[in-house]
Amino acid sequence: QDAPVAHRDVRRLRPAGVHGQDAAGNWGPFQAAVVSNDTTGPVSSGLALSPNPANGTANVTLTATGDDSASGGSNITTAEYSIDGGPAVAMTVTPSGAKIASLSAVISAATVTGLSDGSHTISVRSQDSANNWGALATTTLVVDKAGPATSNVLAAPNPNNGKRGLNSTIVAVRVTATFEDSITRIGAAEGFIDNVGANGSGIIFIPKDGLFNTQSEQGYADIPLATINALS
């Protein structure tokens, strides 16, 4: 398909007149008509991806809007997207035969899994009934298939006999750790004693600064002395 081309003129309205003549040589009045010239493609905007970031375990929904109301006044007929300038993939246009339409597509989990970790450019363009492609609109899909690295895991006070709390007010052993992710922010952290259980079932770690919202975070969990005392 042809690459989108920018045009300076979007729509020209040209009055035209038609009239008839009878056998007596009399010409009738003109009847005006309008001839439109649409040489500019629709504007694509409002691109959204969900979920984003994505890790390849679920499909990603892509939505956008195609609008030809101010760039020619023709109906939206077709739309497509591409990933990193790759092959074009057709999108659904709803409703059909409208100057402003919703554009949608599903990027499969398998496609996301096949992408490298990091940022990927999603490009969308739409076409009107005059066969004009509009300019590309872009957004960024972040792919993150690897979990954060955990380091600096420490327990205090340590060693412990089940009677030594962190201080006079915290009657527990405090476990601290550092969590770092190269692509996206830290969202949660957990810990286990001896046996690792299912993801999400461990001891919840609390962010040291009160909120997990950056790619490098420190967190802690307080283990009651009763739990420590019950260990072999």
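## Strand pairing and a loop aspartate

User: Happy to start with the strands: how many bridges join S12 to strand S16?

Analyst: Keep in mind that this is a predicted model. Strand S12 covers residues 172-180 and pairs with strand S11 (residues 149-156) in the antiparallel sense over six bridges, with Thr 150 opposite Phe 179. S12 also runs antiparallel to strand S16 (residues 216-224), where Ser 216 is the bridge partner of Glu 180, and the number of bridges joining S12 to S16 is nine.

User: Which are the edge strands in the open sheet of four strands?

Analyst: The order in this open sheet is S3-S4-S8-S7, with antiparallel pairing. An edge strand here pairs on one side only, so the two to name are strand S3 (43-50) and strand S7 (92-94).

User: Nice. In S8, what is the bridge partner of Thr 92?

Analyst: S7 pairs with strand S8 (residues 100-107) in the antiparallel sense, over three bridges. In S8, the residue that partners Thr 92 is Ser 104.

User: Now the loop between S4 and S5: is Asp 68 buried or exposed?

Analyst: Asp 68 is found in the loop between strand S4 (60-67) and strand S5 (76-83). Beyond four places away in sequence, Asp 68 touches several residues, including Asp 38, Thr 40, Lys 99 and Asp 128. Its relative accessible area is 0%, and the cut-off for burial is under 20%, so Asp 68 is buried.

Terms used:
Residues numbered from 1 in each chain as written. Predicted model: local features only at pLDDT ≥ 70, side-chain atom pairs only at ≥ 80, totals over all residues. Heavy atoms only, no water. Buried < 20%, exposed > 50% of the residue type's maximum accessible area, 1.4 Å probe, protein only. Contact = heavy atoms within 4.5 Å.
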